[in-house]
Amino acid sequence: MSKINFKKFKIFNDISQTEYRTVDVSRVFADTLYKNGTGIFIHDLALRIFRSEGEMELSKEEEQVISKAAAQFCTPLFIDSLGANFTE
């Protein structure tokens, strides 16, 4: 299981990936899943992200869904930053 905090998400400042700023992306990313995903699993995951108060635990399946959605619907900056935010 991995963990991630969408409320204190570290997003890189540029392509060098040497500096980042911390932002709350919980609503924006939950909306991305909610608007583009299908099925009750995605619906539940979007709500969990939106309602999260900090670090949340993810199953391997949830991590894969999040990574896949980011790859399809988010900027390269977000995709690279996402990988840096997953922790064990």
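## Helices α3 and α4

Which residues in α3 meet which residues in α4? Ile 66, Ser 67, Ala 70 and Ala 71 in α3 meet Phe 78, Ile 79 and Leu 82 in α4, where contact means heavy atoms within 4.5 Å. By class, this contact has six nonpolar residues, one polar and no charged.

This is a predicted model, in which local features need pLDDT of at least 70 and side-chain atom pairs count only at pLDDT 80 or more, while totals for chains, interfaces and linings use all residues. Residues are numbered from 1 along each chain as its sequence is written, and side-chain values use heavy atoms, leaving out hydrogens and water.

α3 and α4 (residues 76-85) pack at about 160°, with axes 8 Å apart. They are therefore roughly antiparallel to each other (angles over 145 degrees, on a range from 0 to 180 between N-to-C directions).

## Helices α1 and α2

α1 packs against α2 (residues 40-51) at an angle of about 170°, their axes 8 Å apart. That makes the two roughly antiparallel. Among the residues that meet are Phe 29 and Leu 33 in α1 and Leu 45 and Ile 49 in α2.

## The largest pocket

The largest pocket has a volume of about 170 Å³. A pocket is an open set of points on a 1 Å grid, where a 1.4 Å probe fits, with protein on both sides within 12 Å along at least five of seven lines; lining residues have an atom within 4 Å of a point.

α3 (60-73) and α1 (26-36) each supply at least two lining residues, and the largest share, five residues, comes from α3. The lining includes Thr 32, Val 65 and Phe 73.

How values were computed
Grid points are joined across faces, edges and corners, and a volume is the space filled by probe spheres set on the points. Helices (H or I, at least four residues) and strands (E, at least two) are DSSP runs, numbered from the N terminus. Angles under 35 degrees count as roughly parallel, over 145 as roughly antiparallel, 65 to 115 as roughly perpendicular and the rest as oblique. Ala, Val, Leu, Ile, Met, Phe, Trp, Tyr, Cys and Pro count as nonpolar, Asp, Glu, Lys and Arg as charged, and the others, Gly among them, as polar.
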